[in-house]
Amino acid sequence: DPVYSYVGCYSNFVGDVQQKQDEQMTIDMCVKECEANGYESQLAVIEETKCTCTNVANLPKRAVSPTECSTNCNGDSSIKCGGPDAGSVYQVLMLNVAETSDGSINDATNTNGDEQGANPLILAQTWCTDEKNSDGAVKNYLDPDEKLLTTVTLVSENGDYTFKVKVGGQFEIRKEADGSTWGFGERTPERSSSPYLRMELSGNLAAYEHGNSYWSSNTPNEGNFALLKNDGSLIIYGSECEIREEFSKAATATRT
């Protein structure tokens, strides 16, 4: 069976490729196609019904949001097969398994000649950290153990949105084009003073006042960080770029 590791959601691939088109595309089908064409330990890219095989060197520098790869595979609806403008990328980790005359496995090595138990080259999930943007004192993210005071504002990379902690203790996202705002984390005015947000080492985004926490994202997971996206949403990403929590106007409206 094919062995593979998910890399992320990417678009705008370049370079020499091998392709397969199948209305019943699955991950296994694409990975097998790439292995058969000599792309062991390289990349299999699935864009809905199209399979593309390419080299690691052709992987774009930055990935796109996983929401761009939300199309279910026709051959297996439980998994995603990219989207109309982006592809789900998997690293091919095929093992060359030698069999004895009676069909039993005699030895197994990967394409680099290492033992089967050795760790293959697996591309790290770093697309979300690539979205971090910092220009001096202005940035769009909050790293572990960092605080966001009422005097500091996060600014999205495109400059369209800002995020801040208000003196009253609530959190506000503002669209700069028209000045419209929406918020979450409301609290009673009589308790307001000098609140701040902190991206805790435990993975929770927590709000404090006088050292006491009055709100938490409840997202325990070491390595989490918060990022203000170009669409005005505040996302808490995990260490492997999984979305741990989303704070957006649409998501908040759904919860209420």
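Visitor: Why is Tyr196 called buried?

Guide: Tyr196 has a relative accessible area of 16%. Buried means under 20%, exposed over 50% and partly exposed in between, with a 1.4 Å probe and protein chains only, so Tyr196 counts as buried. The model is predicted: local features need pLDDT of at least 70, side-chain atom pairs count only at pLDDT 80 or more, and totals for chains, interfaces and linings use all residues. Residues are numbered from 1 along each chain as its sequence is written, and side-chain values use heavy atoms, leaving out hydrogens and water.

Visitor: What makes Tyr208 buried?

Guide: Its relative accessibility is 13%, which is under the 20% limit, and Tyr208 is therefore buried.

Visitor: How many aromatic pairs does a search of the whole structure find?

Guide: The search finds five. Rings of Phe, Tyr and Trp (its six-membered ring) pair if their centres lie within 6.5 Å; planes under 30 degrees apart are stacked, over 60 edge-to-face, and the rest tilted.

Visitor: How do you know that the charged end of Lys147 sits over the ring of Tyr196?

Guide: The definition requires NZ of Lys or CZ of Arg within 6 Å of the ring centre and within 35 degrees of the ring normal. The charged end of Lys147 sits over the ring, 4.8 Å from the centre.
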